[in-house]
Amino acid sequence: MSALVILPIIIFALLGTPLFIIMSLAAMVGFYFSEIPLVAVTIEINKIASQATILTIPLFTFAGYMMAESGSPKRLLRLAESTLGWLPGGVAIVCLVICAFFTAFTGASGVTIIALGGLLYPILSNEGYSEKFSLGLITTSGSLGLLFPPSLPIILYGMVTGVDIEKLFVAGIIPGFLLIVILSLYSIKNGSAKASTKKFDKAEAWAALKGSWLEVLLPVGVLAGIYSGKTTTTEAAAVTAFYILIIECFIYRDLSLFKDIPRVIKDSMSLVGGILLILCCALGFTNWLVDEEIPMEILRFMQEFLTNKYSFLLFLNIFLLIVGSLMDIFSAIIVVVPLITPIAAEFGVDPLHLAIIFLTNLEIGYITPPVGINLFISSFRFKKPITELYRASFPFLLLLLFALVIITYVPSLTLALVN
Amino acid sequence: MFEIVKKFDLAIEKIAQYLLVICILGMLGMSVLNIVLRWFEAHILWLEPFVRYLVFFSAFLGGVIATGKRTHIGIDIVGKYFESKKNWQAHRWVGRVIDLISLAVLVVLFDACLDFVAEEAKYGRADVFIGVHAKYLAAIIPLGFGLIAVRFLNNIILSFSSKYQFRTEDELDEMKEKGEEVQA
């Protein structure tokens, strides 16, 4: 493909043309120049229907959206506030934990900020946190849990690369906690200076637990089901969605089966449809790239100036931060992962470690200017100019970069639990 | 004419929404049934492939909804720039160009999909599950892309109607502030 063909496709992409269209166009142009009939693109699209794990994407997302639309955020917030609120910076830690919990289920799709932002922002303000700190914290927290199971980006990464999804779920746990701990320490530092502290109220904590235990059990149940071998990831998705449907519609009665559920399905499936269409259409393009040995060409080029694993990892982080700030996580996984996995393997990077480095970078990409998506969602949600969000998120961005360095250069953090 | 196109577009959206509700509740019910059957060491062999095709069909239906809501995932740098400058006219023109590119790509893709259906009709399995021929399952792809293409075409036509054209939340807020009439 000559630059004359590639350039318009890049321009179309930058204009904002849907990525599934860009992927289809790139695949069709690639196949055309390789003199392969265009029907090959359709054959690749059809292959997605034979992937067993495809079911996890709509069902986990549907479950997450149902929780976000129900009274679940309020109940879980009450529990977290009553159990963690007494710590210095406790309210901020509550925000981090609750957002991580929700993001793990909603897939870092912006739903966390929309569903929880309105609840958390006034609480942080009442505790005396500055507007800048509160905005930065909520914007950052909106993608914080994506290293925890059953996050959608992890499932998608597993589907694209063929890496065992259940092992990926385990690999993300320690790095995910590291991010929360680092941000919590920063919150404690801010909290002890500016915010008031509360006393632990046993009765309130017990009442909050009684009110939310059905939802608190969920992540425990999902993990126990998968790792005891009682359910596959796909079955866990079905059980989760069914369980949430039953408790939110018939036990808590927050959602009406006939009034709310069709709306929740419509909202969640417009996201899922967008992701799956990119996944379908990118299969043709990425297969063409592999057939043309493009990753190997890139590898040969990189080997000229990158001599070892550590310089490769540094380069990878810089590259992925740029990707993460320009592309959303789903399209980045589908487009970039097939290119870098063979290169990383040549440099001796463990596939699980690569996955967690990749996802952490893209998590940071959510708050990286100029187009980190959380910045825009917060700007829309809190009616603040985008530049204010850039400033508010900057200290958190630096902290996450510090965590990224640790995750990248200490592989045992990722691999300890798996091994 | 805009009135008819709008009604047609809403009809597609409604149908897609009803089908999505059936697909999602169907895939959920069948997946749970599959787990329950396994406890009793019983199987219904066609359940799993059927559910996978429901997901596949739902992907296209979700795409139909996302096209109408303009929430497809993309690198929206230019659009975001015009939005931040509140230059709604330029923002709308970028939208028209995007819709036109998308429509053109989908038309070519639709043609390739029809070839695929024809090939499946000739060489595909006669019984993928419960007697369904592979050509009918392959037809999901042109049907899905066709519906999405029609919605892109509707978007282009409706963008020239001041009553029905797509407006961002910020633009609607600005119109409300100015006291202009806002169409839901």
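Biologist: Is B:Glu13 buried or exposed in this predicted model, and what is its relative accessible area?

Modeller: B:Glu13 is buried, because its relative accessible area is 13% and the cut-off for buried is under 20%.

Biologist: Which residue does the side chain of B:Glu13 meet in a salt bridge?

Modeller: First the general idea. Side chains of opposite charge can pair when their charged atoms come close. Here the partner of B:Glu13 is B:Arg151, with 2.8 Å from N to O. B:Arg151 belongs to helix α6 of chain B and B:Glu13 to helix α1 of chain B, so the pair ties together parts that are 138 residues apart in sequence. B:Arg151 also counts as buried, at 2% relative accessibility.

Biologist: Which residue forms a salt bridge with A:Glu248?

Modeller: A:Arg75 does, with the closest N and O atoms 3.1 Å apart. A:Glu248 lies in helix α13 (residues 233-251) of chain A and A:Arg75 in helix α5 (residues 72-84) of chain A, so parts 173 residues apart in sequence are tied together. A:Glu248 is buried, at 0% relative accessibility, and A:Arg75 is buried, at 15%. A network of salt bridges links A:Arg75, A:Glu215, A:Glu248 and A:Asp254.

Biologist: How do I read the interface, starting with what area is buried between chain B and chain A?

Modeller: About 5,000 Å² is buried, and carbon and sulfur atoms give 80% of that area. On the chain B side, B:Leu28, B:Ile73 and B:Ile75 lose the most area to chain A, together 15% of what that side buries. In terms of contacts, 55 residues of chain B meet 60 residues of chain A. Seven residue pairs are in polar contact across the interface, both at pLDDT 80 or more. Several helices of chain B, including α1 (2-39) and α2 (47-69), each supply at least two residues of the side that touches chain A. Helix α4(B) gives the most to this side, with 14 residues. The residues of this side divide into 35 nonpolar, nine polar and 11 charged.

Biologist: Why is helix α19 (residues 373-382) of chain A called largely enclosed?

Modeller: Seven of the 10 residues of this helix are buried, so the rest of the structure largely encloses it. Among them are A:Leu375 and A:Phe376. The buried residues of α19(A) pack against α7 (111-126), α8 (131-141) and α20 (386-409) of chain A, together with α3 (77-84) of chain B.

Biologist: Where in chain A is confidence lowest, and where highest?

Modeller: Where pLDDT is low, the predicted coordinates should not be read in detail. Chain A averages a pLDDT of 85, and 97% of the residues score at least 70. Confidence in chain A is lowest in helix α15 (residues 294-302), at a mean of 78, and highest in helix α18 (residues 351-365), at 93.

Key. Residues numbered from 1 in each chain as written. Chains lettered and ligands numbered in written order. Heavy atoms only, no water. pLDDT = per-residue confidence, 0-100. Helix = DSSP H or I, 4+ residues; strand = E, 2+ residues; numbered from the N terminus. Buried < 20%, exposed > 50% of the residue type's maximum accessible area, 1.4 Å probe, protein only. Contact = heavy atoms within 4.5 Å. Buried area = accessible area lost by both parts, 1.4 Å probe. Polar contact = N/O pair within 3.5 Å; in protein donor to acceptor, adjacent residues only side chain to side chain. Nonpolar A, V, L, I, M, F, W, Y, C, P; charged D, E, K, R; others polar. Salt bridge = Lys/Arg side-chain N within 4 Å of Asp/Glu carboxyl O.
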